[in-house]
Amino acid sequence: MLHPSYTDLMDAVNSEVENGEQPVVQSRYSIVMAASKRARQLVDGAEPMVPAAGLKPLSAAVEEIYSQKVTIINSED
């Protein structure tokens with residue numbers, strides 16, 4: 001099981017969105033794509049933005065998203 005859950009990740013990413021605005025992330029697919037893209041960046045040598053000792057790249061990417069260290073931008077923007 002993924003900790004934090006998809007719902008928790010979506011809530012964290014959309015926490016800055018004001019009422020009436022469209023959420024940044026609307027589906028699990030968006031979260032999965034963002035996490036996988038960030039994990040690839042970490043594998044390619046990017047510096048983790050959270051304490052990542054002992055974490056695999058995907059776990060570090062999820063933690064970065066949850067702690068709002070990474071900003072997800074809509075492809076439409």
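This is a predicted model: local features need pLDDT of at least 70, side-chain atom pairs count only at pLDDT 80 or more; totals for chains, interfaces and linings use all residues.

Let me start with Gln68, which is partly exposed, with a relative accessible area of 39%; here buried means under 20% relative accessible area, exposed means over 50%, and partly exposed lies in between, with a 1.4 Å probe and protein chains only. Gln68 sits in the segment after H3, where helices (H or I, at least four residues) and strands (E, at least two) are DSSP runs numbered from the N terminus. Its phi is near 60°, a positive value in a residue other than glycine. As background, most residues other than glycine have a negative phi, and most peptide bonds are trans.

Residues are numbered from 1 along each chain as its sequence is written, and side-chain values use heavy atoms, with hydrogens and water left out.

Now to helix H2, which covers residues 28–43. Its 16 residues should span 22 Å at 1.5 Å a residue, and its end C-alpha atoms are 22 Å apart, which agrees; the expected span is 1.5 Å times one less than the number of residues. Which residues of H2 are buried? They are Ile31, Ala34, Ala35, Arg38, Ala39 and Leu42. Seen down the axis of H2, these buried residues fall within an arc of 135°, so they line one face of the helix, the arc being that of the directions from the helix axis to the C-beta atoms. The cover over the buried residues of H2 includes helix H1 (6–13) and helix H3 (57–66). On the face turned away from the buried side, H2 carries the exposed residues Tyr29, Lys37 and Val43. For Tyr29 the relative accessible area is 59%, and this residue is exposed. The C-alpha atoms of Tyr29 and Tyr6, which are 23 residues apart along the chain, are separated by 9.6 Å. After H2 comes Gly45, whose phi is positive, near 115°.

Turning to H1, the buried residues there are Leu9, Met10, Ala12 and Val13. Seen down the axis of H1, they fall within an arc of 160°, so they line one face of the helix, and they pack against H2 and H3.

Tyr6, Leu9, Met10 and Val13 in H1 meet Arg28, Ile31 and Val32 in H2, where contact means heavy atoms within 4.5 Å. The residues of this contact between H1 and H2 divide into six nonpolar, no polar and one charged; Ala, Val, Leu, Ile, Met, Phe, Trp, Tyr, Cys and Pro count as nonpolar, Asp, Glu, Lys and Arg as charged, and the others, Gly among them, as polar.

H1 and H3, for their part, pack at an angle of about 45°, with their axes 8 Å apart, and that makes H1 oblique to H3. In this pairing, Asp8, Leu9, Ala12 and Val13 of H1 meet Val62, Ile65 and Tyr66 of H3, and the residues of the contact divide into six nonpolar, no polar and one charged.

In H3 itself, Ala60, Ala61, Val62, Glu64 and Ile65 are buried, and what covers them includes H1 and H2.

I will finish with two asparagines. Asn14 lies in the loop between H1 and H2 and is buried, with a relative accessible area of 17%. Leaving out residues up to four places away in sequence, Asn14 touches Pro23, Val24 and Val25. Asn74 lies in the segment after H3 and is partly exposed, with a relative accessible area of 25%. With that sequence exclusion applied again, Asn74 touches Pro23 and Val24. Asn74 and Met10 are 64 residues apart in sequence and 14 Å apart in space, C-alpha to C-alpha.

How values were computed. Axes are lines fitted to C-alpha atoms, for helices over the stretch in contact, and angles run from 0 to 180 degrees between N-to-C directions. Angles under 35 degrees count as roughly parallel, over 145 as roughly antiparallel, 65 to 115 as roughly perpendicular and the rest as oblique.
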